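Work through the exercises below with the model open beside you. Try each task before you read its solution.

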Amino acid sequence: MKSILRPLTASFVIALGALAAPASQAQELRIGYVNGDRVLRDAAPAKAALAKLEAEFGKRDKDLNDQVSRLKVSADKLEKEALTLTETERSRRQRELVEQDRDLQRKRREFQEDFAQRKNEETQGIVERANRVIKQIFEQEKYDLIVQDAVFASPRVDITDKVIKALNAGSNGK
């Protein structure tokens with residue numbers, strides 16, 4: 001039993017010795033933090049991608065919203081006229097409304113899927129560019145570690161503004 005504890009004790013003493021190293025060695029470690037959400041929200045390429053998506057999908061979204069409005073008007077009209085219609089006519093118009101609603105829901109789902117796919121494509125391009133910029137900053141400024149996901153990060157290590165500035169300037173070797 002003592003032979004097992006001896007190597008563990010030696011390892012523990014070595015680990016304590018490493019922790020007690022001079023503060024000057026600890027200061028040489030260079031760490032950076034990048035807020036990826038902020039990059040995807042605030043960088044010029046991200047804003048341009050959002051504008052591109054809005055231009056690409058804006059008309060289709062407007063058409064769907066117009067179709068929703070027309071369907072609502074038709075449903076309101078049927079509700080008002082329901083008492084004066086024959087049972088056959090009321091049933092026919094209700095079926096038409098159900099079919100129109102089903103068609104609208106299908107088109108809305110397709111729109112959302114298409115939009116999500118294109119947004120992912122645009123986002124992926126921006127992420128790749130941002131990663132190139134981060135790597136460039138990492139190498140040029142001799143960082144030891146740059147993280148993107150952190151629970152807490154001091155503003156002292158936050159390099160998000162540098163990344164956004166570099167993306168905006170297009171200095172990522174595009």
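Predicted model: local features only at pLDDT ≥ 70, side-chain atom pairs only at ≥ 80, totals over all residues.

Residues are numbered from 1 along each chain as its sequence is written, and side-chain values use heavy atoms, with hydrogens and water left out.

**Exercise 1.** State the pattern of helices and strands along the sequence.

Solution. Start with the count: six helices and two strands. Helices are DSSP runs of H or I with at least four residues, strands runs of E with at least two, numbered from the N terminus. Now read along the sequence: α-α-β-α-α-α-β-α.

**Exercise 2.** Find the residues that touch the most other members of the largest nonpolar core.

Solution. A nonpolar core joins buried Ala, Val, Leu, Ile, Met, Phe, Trp, Tyr and Cys residues through side-chain atoms within 4.5 Å. Buried means under 20% relative accessible area (1.4 Å probe, protein chains only). The core has 14 residues, and V34, V39, I159, V163 and L167 touch the most other members. Next, the elements: α5 (87-140) and α6 (160-169) each give two or more residues. Another core, of nine residues, lies apart and includes L53 and F111.

**Exercise 3.** List what V34 touches, leaving out residues up to four places away in sequence.

Solution. Contact means heavy atoms within 4.5 Å. By that rule, V34 touches V39, I134, I146, V147, Q148, I159, T160 and V163.

Technical notes: Buried < 20%, exposed > 50% of the residue type's maximum accessible area, 1.4 Å probe, protein only.
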